[in-house]
Amino acid sequence: QVQLVESGGGVVQAGGSLRLSCAASGRTFSGYAMGWFRQAPGKEREFVAAISWSGTRYADSVKGRFTISRDNAKNTVYLQMNSLKPEDTAVYYCATSRALVYAAVEYDYWGQGTQVTVSS
């Protein structure tokens with residue numbers, strides 16, 4: 001059974017940093033892309049970043065502030081978030097896909113999410 005478990009969310013002031021982690025089990029993820037998405041209240045889930053063996057992708061809204069990385073030995077993907085803004089407030093989800101893509105529909109397994117709140 002595939003499981004993704006996010007951690008590292010919390011409350012931070014604007015300009016601060018957080019690092020999210022997503023631990024995967026039930027599958028060897030080294031050959032798969034891992035992505036981060038977020039969903040704010042009343043809004044649709046949106047792509048944040050993704051990583052695979054071929055590279056990384058970022059949403060324009062987080063480029064230069066967020067960095068995605070992975071440790072295949074630990075089956076874990078990370079999202080380092082710097083210079084956080086109130087508009088980054090959302091539930092953040094990790095997910096896995098067979099390709100380095102933006103669309104949520106292309107991701108087959110999802111974690112339960114972790115709340116990130118950025119206060120102004």
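**View 1. The disulfide of Cys22 and Cys94 in a predicted model.** Both Cys22 and Cys94 are buried, meaning under 20% relative accessible area with a 1.4 Å probe and protein chains only. The structure holds 1 disulfide, a term for a pair of cysteine sulfur atoms within 2.5 Å. In this link the S to S distance is 1.9 Å. The link is right-handed, with 50 degrees about the S-S bond. Cys22 lies in strand S3 and Cys94 in strand S9, 72 residues apart; strands are DSSP runs (E, at least two residues) numbered from the N terminus.

**View 2. An open sheet of 4 strands.** The order is S1-S3-S8-S7, with antiparallel pairing; two strands pair if DSSP finds at least two bridges between them. The edge strands, S1 (3-7) and S7 (66-71), each pair on one side only. S7 and S8 (residues 76-81) are joined over 6 bridges, and Ile68 has Leu79 in S8 as its bridge partner.

**View 3. The largest nonpolar core.** Such a core is a set of buried Ala, Val, Leu, Ile, Met, Phe, Trp, Tyr and Cys residues joined through side-chain atoms within 4.5 Å. The largest has 37 residues, and those with the most contacts inside it include Trp36, Phe66 and Tyr92. Strand S5 gives the most to this core, with 5 residues.

**Notes.** Residues are numbered from 1 along each chain as its sequence is written. In this predicted model, local features need pLDDT of at least 70, side-chain atom pairs count only at pLDDT 80 or more, and totals for chains, interfaces and linings use all residues, while side-chain values use heavy atoms, without hydrogens and water.

Terms used
Buried means under 20% relative accessible area, exposed over 50%, partly exposed in between (1.4 Å probe, protein chains only).
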